[in-house]
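Please consult the following briefing alongside the sequence and the three-dimensional structure. The points are grouped by topic.

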Amino acid sequence: MNDDRPVLLETRGTCMHLTLNRPRALNALSHTMVRLLDEALARAEQDDAIHSVLLSGAGDRGLCAGGDIRALHDDARASGRASLEFWRDEYRLNARIARFPKPYVALMDGIVMGGGVGVSAHAGIRVVTERSRVAMPETAIGFVPDVGGTRLLAAAPGELGTHLALTGRSVGAADAILCGLADHHVPVRLLPALTEALREPTGPTGPGASVADIVQGFATDPPAGDLAAQRDWIDDCYAADTVEDIVRKLRASGVPAAQTVADELLTKSPLALKVTLAAVRRAAGLDSLEAVLDQEFRVSSRAFEHPDFVEGVRARIIDKDNAPQWKPGSLAEVDDQEVARFFAPLGPGEQELALAPGPADTSAWDGQDEQGGQGG
């Protein structure tokens with residue numbers, strides 16, 4: 001009989017194994033799942049018998065494809081508020097994972113996108129496989145990278161994070177490691193043995209081996225990636241101050257791959273692109289993940305209210321006509337003050353996330369760097 005619980009919890013030896021268990025939905029996160037994960041980690045923190053946590057996804061398609069986009073879309077269409085409470089709890093979970101005091105191993109096999117990045121890429125030990133595809137694809141649906149993703153991408157070498165944030169492209173194991181989104185590559189065929197080694201007090205490295213040593217004992221070199229060879233044009237083009245300038249530099253680069261990216265960017269929500277660039281650049285200047293999550297909660301709250309989010313989900317996921325009608329329809333039509341509004345304090349009747357002590361007010365911004373300045 002199949003177990004239909006959305007999160008499975010099994011403690012074996014000193015390891016708490018958490019499994020995201022919605023394989024038909026690519027283990028997309030619901031609010032219930034976020035709460036269950038948070039409760040389990042809170043318990044593990046306090047239980048001296050638990051020495052480590054292992055996170056995996058049911059099925060063989062992926063760890064987690066992100067939040068439940070259809071539920072978020074329906075809530076936005078109905079002018080609801082449930083999505084904001086989901087994000088509030090999800091972002092708190094992301095912060096808990098990043099600060100978790102015991103070894104937390106995330107098996108980032110298969111598809112790992114959006115919220116899936118949030119529950120894995122902040123882990124202390126992050127494992128990818130030859131079939132991993134890691135992405136923050138929010139600009140394609142009129143949204144902006146969140147779950148601490150802007151901090152992760154801002155910390156990537158050169159402008160690789162800016163490239164991934166704006167395009168939403170997925171990367172494989174080698175590129176995920178290069179960008180700081182993962183630590184080790186373990187072949188899929190070795191995952192069962194790795195899981196058993198982590199769940200038992202002894203492993204192939206011998207009794208008493210640390211969790212890090214156990215994982216390292218299974219790690220191999222990943223298949224070659226793509227980004228290292230593209231650093232020259234990526235770093236040059238994405239260093240521009242605005243999305244428009246980035247597109248111009250991509251077109252002028254003479255590199256066929258860059259020309260393709262320029263065309264690709266112009267299919268995304270113009271507003272989401274500009275807000276995303278500002279969010280990544282601002283995240284680079286914030287001093288903690290908590291401060292970044294506070295900023296992202298403001299941005300997500302504003303993006304949730306904007307028609308591009310509902311339209312983007314409709315076009316990409318529901319109707320799948322891939323013909324979203326963005327508002328505004330071009331980069332030139334995006335107003336600087338509209339971008340700035342995404343970072344302003346939430347209004348009356350709205351509650352800030354307030355994870356960081358005394359978070360800085362990022363609204364005092366003159367609009368001159370709405371797409372590229374070091375705000376915040």
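Strands β1 (residues 7–12) and β2 are paired in the antiparallel sense, with six bridges between them. This description rests on a predicted model. On its other pairing, β2 joins strand β3 (residues 52–57) in the parallel sense, again over six bridges.

**Pairing of β1 and β2**
- The two strands β1 and β2 form a hairpin, and two residues lie between them.
- Gly-13, located in the turn, has a positive phi of about 60 degrees.
- Across this pairing, Glu-10 stands opposite His-17 in β2.

**Pairing of β2 and β3**
- Leu-18 stands opposite Leu-55 in β3.
- Together with helix α1 (residues 31–46), the strands β2 and β3 make a β-α-β unit, which is right-handed.

**Burial of β2**
- Strand β2 spans residues 15–20 and is mostly covered, with six of its six residues buried.
- Cys-15, His-17 and Thr-19 point one way from β2, whereas Met-16, Leu-18 and Leu-20 point the other way.
- The residues of both groups are buried.

**Ala-212**
- Helix α9 (residues 211–218) contains Ala-212.
- Ala-212 counts as partly exposed because its relative accessibility is 40%, and the partly exposed class lies between the cut-offs of under 20% for buried and over 50% for exposed.
- Between Ala-212 and Leu-29 there is a separation of 183 residues in sequence and of 27 Å in space, C-alpha to C-alpha.

Conventions. Residues numbered from 1 in each chain as written. Predicted model: local features only at pLDDT ≥ 70, side-chain atom pairs only at ≥ 80, totals over all residues. Heavy atoms only, no water. Buried < 20%, exposed > 50% of the residue type's maximum accessible area, 1.4 Å probe, protein only. Helix = DSSP H or I, 4+ residues; strand = E, 2+ residues; numbered from the N terminus. Pairing = 2+ DSSP bridges. Right-handed = clockwise from strand over helix to strand, strands pointing away.
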